Amino acid sequence: MELFTVNRYNDQAKSTNEDEILQKLLQKAEKRKRKHKAVEEEKLDKEPQTTEHTIVAEELQEEKEHQKENDEPLQSESLAEEETPPSNDFQVLGAEALAAAAKRQKVELVLPNWLAHPTLIEGNLQLEEQAENETESVSALQQLGYLKSFTRQALKQMKIKRPFPVQRAVIPWILEAHAKPEPFRPRDICVSAPTGSGKTLAFAIPIVQLLSQRVECKVRALVVLPVAELALQVYKVISSLCSKTELEVCLLSKQHRLEDEQEKLLELYKGKYYSKVDIVVTTPGRLVDHLHATKGFCLKSLQFLVIDEADRIMDAVFQNWLYHLDTHVRETTDQLLSGTQAPLCYAELLSSFGKQPHKLLFSATLSQDPEKLQNLRLFQPKLFTTVLNLPVFQLNEGKTDSVQDQIVGKYTTPAELTEQYCVTEMRLKPLTLFALIQQYKWKRFLCFSNSADTANRLAFVLKILFQSYDITVEELSGNMSALERSTTLNNFARGKINGLICSDALARGIDVADVDIVISYEAARHIKTYIHRVGRTARAGKLGTAVTLLSDQDLDQFKKMLLDAGKAMGDEISVSTDFEVEHANLYSTAMSALKDQQSLEKSKKAITKRRLAHHAKLHKEMEHKDQRTLTLMEKLQLKTISDIKKPGEKVHKIDKSLQGVTKPKETKRKRQAKIFKAIEK
Ligand SMILES: Nc1ncnc2c1ncn2[C@@H]1O[C@H](COP(=O)(O)OP(=O)(O)OP(=O)(O)O)[C@@H](O)[C@H]1O
């Protein structure tokens with residue numbers, strides 16, 4: 001029967017394979033017999049008196065096996081391949097596909113040409129400074145033909161003697177690109193250079209020089225930064241550069257009133273709006289506010305769009321500001337084309353049509369992920385980077401790693417930065433930090449934690465620990481108001497405070513002079529955060545140290561994070577155990593004071609919450625009652641509520657309705673919104 005099946009379905013192989021198949025079947029039968037015999041012998045050895053029952057079972061088993069064999073589809077190919085009996089294991093469906101997928105080679109992403117072939121920014125700030133000091137050469141600025149005299153003067157006032165490597169690479173390139181006539185359009189650029197390497201001047205100098213010849217005042221450059229503090233910093237740099245020109249710079253950020261900014265931006269003359277500024281420095285949120293609310297705010301003449309800390313702005317959508325900006329630029333062009341807004345002349349129409357600003361992106365951790373960059377719709381982009389100078393890249397040069405593997409997700413830190421770490425126990429971290437500061441005599445340090453609350457608690461404990469020492473520490477976190485933050489920063493800059501305990505809100509971009517040490521009290525969760533934190537020291541060619549406090553659990557993860565980014569761990573430092581033991585009592589006093597303070601705050605919060613909930617309930621009840629004067633009890637309750645309000649705060653309309661005054665005409669939704677607002681306050 002088996003042979004018949006074989007013959008029937010495999011005509012061609014009939015004559016040639018028949019003997020072979022027969023041989024194989026015989027072999028197989030022989031093999032099975034031998035196996036069976038061996039099993040039997042084994043059983044006999046174990047159980048000399050075989051019961052009738054077992055014999056029957058064996059026979060049944062044998063019979064089953066025969067049956068199974070007969071049921072198996074016999075094909076010449078499968079038989080030919082079959083050397084071992086088929087396994088009875090349960091077969092996982094799709095397992096083959098999975099195995100094949102695992103075997104398949106990893107698909108390699110191919111970098112676009114511009115990312116794979118960047119322009120390298122080369123140079124070592126420290127070595128250059130040493131060389132200059134040794135030779136006492138004439139100020140290098142005078143030798144640079146591309147700098148205008150007003151730029152040189154401004155730089156001199158800023159005590160800048162020579163351009164930094166990133167400035168040497170980027171400034172002449174932008175100037176040259178804009179020197180070419182129409183229809184040439186400059187390529188958009190992305191600049192990835194370490195923290196403190198002078199990226200601000202790299203875009204500010206060419207923009208100011210190129211706009212300095214303008215006749216009519218219009219917004220021609222827009223600089224966007226993620227936070228107000230950074231915007232202020234960049235505004236100051238650009239303002240100093242413009243000091244010897246007619247250019248007007250304006251800062252737009254949520255720290256000012258919108259109306260005040262509108263006044264600074266525009267003036268109305270004979271029914272037409274005229275721009276009073278040439279360069280606008282802003283945050284994305286504030287920009288969107290003005291695009292929506294400021295009549296006459298027009299960006300159709302925009303020539304430069306600078307996005308500083310570009311990866312941060314790309315990661316967070318920030319009210320989709322780029323979309324709003326694009327829509328605004330397109331709308332004004334459409335108005336010109338449709339005739340609703342008459343152009344002055346044909347040349348204006350031509351120049352405004354479809355014209356996009358020159359986009360300049362800067363960051364120390366610029367994403368070199370093509371997908372992310374695509375969102376910015378860059379025009380024939382060009383990359384300037386220091387990343388290929390990484391030790392990891394040099395190590396891998398002989399290997400097969402693609403350029404993509406070597407540059408995407410890799411970041412450089414300043415060459416002047418020394419990185420260290422200190423392993424300690426989780427519960428002793430504040431004490432270890434205190435010991436480190438004392439032992440290494442750190443006098444100007446920034447200490448970063450992962451949250452504003454931790455910064456607050458740590459500052460509290462450190463203040464107690466340092467009470468009898470001449471070290472002052474203060475908190476600087478997102479929990480504080482903008483005014484409080486800037487006062488604290490100023491005090492630190494003036495040397496009134498030795499150390500700031502910060503949250504990551506200010507880890508980026510902030511340029512505080514002469515920070516010797518940056519401590520990560522908690523290891524940064526992301527490599528970008530780490531790069532920006534440690535970048536607050538070792539700026540502008542100065543030396544600096546970054547120390548990370550790690551618990552045993554954090555150690556491996558931290559090491560991996562650095563390795564993935566092409567960085568090494570650095571040296572380990574430690575504190576003397578004697579010092580820690582000596583201050584153990586002080587530490588426990590500080591910790592119990594913290595506990596007391598926390599429970600006090602907790603109960604304060606609970607009381608406020610209860611009062612506000614009561615307020616909301618009372619208001620709800622009053623809403624449903626007819627208009628009537630309040631009872632004495634209700635008046636008293638209202639007084640308690642008004643006590644919660646801050647001094648000087650306006651009395652909300654809700655209170656009027658509570659006092660029995662005629663209810664204002666408002667919708668239910670509006671009223672609810674007001675109540676929530678009041679509760680929030
Ligand atoms: N050519 C120069 N010579 C001396 N100092 C300079 C020069 N260029 C910039 N600086 C100084 O270096 C410091 C850092 O500059 P800047 O803030 O532009 O760095 P950055 O690369 O933008 O840093 P980050 O990535 O942290 O924002 C500033 O204090 C600036 O005044």
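Trainee: How do the residues of the shell around the ligand divide into nonpolar, polar and charged?

Mentor: You get 6 nonpolar, 7 polar and 6 charged. Keep in mind that this is a predicted model.

Trainee: OK, and which residues are the closest to the ligand?

Mentor: Arg162, Lys199, Thr200, Asp511 and Arg539 are the closest, out of 19 residues that surround the ligand.

Trainee: Which helix gives the most to that shell?

Mentor: Helix α10, residues 199-211, with 3 residues.

Trainee: What does Lys199 do with its polar side-chain atom?

Mentor: That atom lies 2.8 Å from an oxygen atom of the ligand. For Gly196, a backbone N or O atom is also placed 2.8 Å from a ligand oxygen. Glu309 has a polar side-chain atom 3.4 Å from an oxygen atom of the ligand.

Trainee: How much of the ligand does the protein bury?

Mentor: 84% of the 640 Å² that the ligand exposes when taken alone.

Trainee: Switching to domains: what does the assignment give?

Mentor: Domain 1 is 12-84, domain 2 is 113-334 + 352-407, and domain 3 is 417-582.

Trainee: And where does the ligand lie relative to those?

Mentor: Between domain 2 and domain 3, because both give residues to the shell around the ligand.

Trainee: How many residues are in contact between domain 2 and domain 3?

Mentor: 19 residues of domain 2 touch 19 residues of domain 3. The area buried between them is about 1,600 Å², with carbon and sulfur atoms giving 55%.

Trainee: Which domain 2 residues lose the most area there?

Mentor: Thr195, Glu229 and Thr365, together 32% of what the domain 2 side buries.

Definitions and conventions. Residues are numbered from 1 along each chain as its sequence is written. This is a predicted model: local features need pLDDT of at least 70, side-chain atom pairs count only at pLDDT 80 or more; totals for chains, interfaces and linings use all residues. Side-chain values use heavy atoms; hydrogens and water are left out. A residue is near a molecule or strand if one of its heavy atoms lies within 4 Å of it. A polar contact is a pair of N or O atoms within 3.5 Å; within protein, one must be able to donate a hydrogen and the other to accept it, and residues adjacent in sequence count only if both atoms are side-chain atoms. Accessible areas come from the Shrake-Rupley method with a 1.4 Å probe; for residues, only the protein chains shown count as cover. Helices (H or I, at least four residues) and strands (E, at least two) are DSSP runs, numbered from the N terminus. Ala, Val, Leu, Ile, Met, Phe, Trp, Tyr, Cys and Pro count as nonpolar, Asp, Glu, Lys and Arg as charged, and the others, Gly among them, as polar. Domain bounds come from an automatic or database domain assignment. Contact means heavy atoms within 4.5 Å. Buried area is the accessible area (1.4 Å probe) that two parts lose on being put together, summed over both.
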